[in-house]
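Please keep the sequence and the model in view while reading.

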Amino acid sequence: MRNVRLLRGCITVFVASFVATGSSGAPVKPVKPEPPKTREQCAARGGEWMLYPLGPFHFCAVKTSDRGKACADDRECQGDCVPVEGPSVRPGARPGVCAPALPMPGGCPRHLVDGKLVEDPCI
């Protein structure tokens, strides 16, 4: 049973690395879309118009198309690469997955850059 799980993990990493490369073999970087600035733009993109928790303004949280994809760096995702427990896609790198929304609402943002944890100031 353990060997089957290990084999599945290896196949997943292989397929993910194959899909994430272009015809030249170089990694394909996802497009980081400009976040909508108005309620109307937000609705048109299928986003959620939200009140910022610590201030008197709104922002739009848009679901990312690569949410949940394994990553080790923000550049591999439309939004942030957020840390998770489990195996990493790169040896020596902290494991992560692409965030479900862009931007991630409030709190104390944690994300990965070059496989290392970056903790932004709490907002």
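Two strands pair if DSSP finds at least two bridges between them. Strands (E, at least two residues) are DSSP runs, numbered from the N terminus. The model is predicted: local features need pLDDT of at least 70, side-chain atom pairs count only at pLDDT 80 or more, and totals for chains, interfaces and linings use all residues. Residues are numbered from 1 along each chain as its sequence is written, and side-chain values use heavy atoms, with hydrogens and water left out.

**Pairing of β1 and β2**
- Strand β1 (residues 48–51) runs antiparallel to strand β2 (residues 58–63), and four bridges join them.
- The two strands, β1 and β2, form a hairpin, with six residues between them.
- Across this pairing, Trp 49 is opposite Cys 60 in β2, and Leu 51 is opposite His 58 in β2.

**Pairing of β2 and β6**
- Strand β2 also pairs with β6 (residues 101–102), in the antiparallel sense and over two bridges.
- Here Lys 63 stands opposite Ala 101 in β6.

**Gln 78**
- Gln 78 lies in the loop between β3 (70–71) and β4 (81–83).
- Its relative accessible area is 17%, so Gln 78 is buried (under 20% relative accessible area, with exposed over 50% and partly exposed in between; 1.4 Å probe, protein chains only).
- The Gln 78 side chain reaches the backbone nitrogen of Ser 65 at 2.9 Å.

Key:
Polar contact = N/O pair within 3.5 Å; in protein donor to acceptor, adjacent residues only side chain to side chain.
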